[in-house]
Amino acid sequence: MLRLPACLSSHTRNFLTIILTIAASLTASAGVLYYTSFEKTDTPPFTAGVGTAASPKLVGTDNWTMVASPNGLGIATYYPFAGIDSSLVPELDQTAALGCLDHVNFTMPPSGTQYIRVARKVDAQPSGMPVIDFYCQIGLAQSTNGHSDDFELLVYNWDEKVLGGLTFDLSRNKLYRYDANEFNDLTNDPYTDTGLSLSTLYGKVLEVTMRINYQTNTWTATVGGVQVVSGATFTMRSTTTGNSPAARTFGSLSARWYINATTTPGNNWILINDWTITNSTPTIPATTSASYAANSTATIAVTDTGSAGWSMSSDQTWALVSPSSGSGSATVTVTCAANPNTTARTATLTMGSQTCILTQAAAPAVTSIPATASAAYPANSTASLTVTSNTTWNTSSNQLWAVVSPASGSGNGTVTVTCAANPNTTARTATLTVGTQTCILTQAAAPAVTSIPATASAAYPANS
């Protein structure tokens, strides 16, 4: 069981809250990537106690790992400096702790130890999630042996290179922004004073918030409700040695004990609780729909709570998105041209690695022809019907003397009606049907004609 340092003994119920929320440029669905409160009721459960080689307690539970420098002594040498406690702050139940934990025997890390850090890597890559948020509660215990160190909350990339974070400098009682990016740049100081003094924070539980947007390469943080970083560049240092900066990816959020004087560590430490990593990736629904008519619209709700930024495109020219990019939650409108088909059609709308399938409804089957047509009376006179259609159609005539051609068709076309001679001195009609539409064909009347012989003759007798 961890021993309660004197510096916390009278303050176990005095809380401030520091929430640390980190936003990274990743794309998958928004949600919790990792959470633990270090309780025995967690799955897997955490066991209270100072870490030992036989029972590391924090390290090894739920994939928590430890890294120390130098590492030649074997990592188990450093297990006693990370553990789980159930009595430090009753309101928090069990918490994790890092630092000089045994204040009865004053166990110190081996001389020459530069740092010890613990972390739980998250299976997340920035290509999938643009914004990561990290939350935890911390408590700082100042040293009582005259030597004070740094405790840090640091972002490491997928390759285990430190990118930056917050440094709680107990020797100066100051909070610093740490701009690391893991390469040698001796011309720029990586520490920026945030102006927040730690002197009033000892013996209290603090909550921290920090957000890193990997897409815009910016981050913000608040400590105890005070904004200590606001829209700063995250990986900001330039190299003067020819080394490449560490890749701007996300791998873990670590708690690190950095020992200022390697021969004389402070008997200080940090508790951590409610370790939470979430992502707020822009999301869109999987499907949407529009009607068949021209200028019909569909709407797509973009959820971007982390203001990660997004862009959207369509794979069909008949479906136009507006706006095509933005930051923050928004509504995108897709304007569709008329669907000329009697079957539905689809367009794929893409935002990052996410897609939304837009289905435009089928147009109703419609065939139209003129209401009337006419033909002359002679044999083989013709009439033409212009057919406007988006479907298949058949033709017919109710009169044998009016023959339609072709007998069937699809889409737009022309139907020709060939008529036999009209033998009558009155017009006659036929009803032509194309699809479900009818046309009245009127054939002109034949002209009235009377004929007599051109010559005639008679015999010579009278009355012949």
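Two strands are paired if DSSP finds at least two bridges between them. The strands themselves, together with the helices, are DSSP runs numbered from the N terminus, a helix (H or I) having at least four residues and a strand (E) at least two. The structure is a predicted model, in which local features need a pLDDT of at least 70 and side-chain atom pairs count only at pLDDT 80 or more, whereas totals for chains, interfaces and linings use all residues. Residues are numbered from 1 along each chain as its sequence is written, and side-chain values rest on heavy atoms, with hydrogens and water left out.

The chain holds one helix and 34 strands. It has 464 residues, of which 47% count as buried; buried stands for a relative accessible area under 20%, exposed for over 50%, and partly exposed for values in between (1.4 Å probe, protein chains only).

Confidence is expressed by pLDDT, the predictor's score for each residue from 0 to 100. The chain averages 86, and 89% of the residues score at least 70. Over residues 1-30, the pLDDT is below 50, although this stretch has 160 contacts in the model beyond near neighbours in sequence. Where pLDDT is low, the predicted coordinates should not be read in detail.

Four bridges connect strand 21 with strand 23 (residues 330-336) in the antiparallel sense. Within strand 23, Cys336 lies opposite Ala319.

A second open sheet has seven strands in the order 3-6-15-8-9-10-11, again with antiparallel pairing. Strand 3 (65-69) and strand 11 form its edges, each pairing on one side only. Here the twist averages 20° from one strand to the next. Strand 6 (residues 115-119) and strand 15 (residues 252-258) run antiparallel and are joined by five bridges; Tyr115 faces Tyr258 of strand 15.

Further along this order, strand 9 (residues 162-169) runs antiparallel to strand 10, with six bridges between them. Phe168 has Leu175 of strand 10 as its bridge partner. The hairpin of strand 9 and strand 10 has four residues between the strands, and Asn173 takes a positive phi near 60° there. Strand 10 (residues 174-179) has five of its six residues buried, so it is largely enclosed by the rest of the structure. Strand 10 also pairs with strand 11 (residues 191-197), in the antiparallel sense and over four bridges. In that pairing, Lys174 stands opposite Ser197 of strand 11.

With a salt bridge taken as a side-chain nitrogen of Lys or Arg within 4 Å of a carboxyl oxygen of Asp or Glu, the count is seven. One of them joins the side chains of Arg120 and Asp62, at 3.5 Å from N to O. This pair links distant parts of the chain, 58 residues apart: Arg120 lies in the loop between strand 6 and strand 7 (131-141), and Asp62 in the loop between strand 2 (49-50) and strand 3. Both Arg120 and Asp62 are buried.

Lys174 takes part in another salt bridge, with Asp193, where the closest N and O atoms are 3.3 Å apart. This pair also links distant parts of the chain, Lys174 in strand 10 and Asp193 in strand 11, 19 residues apart. Lys174 counts as partly exposed at 33% relative accessibility, and Asp193 is partly exposed with a relative accessible area of 39%. A further salt bridge is formed by Arg172 and Asp169, whose closest N and O atoms are 2.8 Å apart. Arg172 is exposed, with a relative accessible area of 55%, whereas Asp169 is buried at 3%.

Technical notes. Contact = heavy atoms within 4.5 Å. Axes fitted to C-alpha atoms, helices over the stretch in contact; angles between N-to-C directions.
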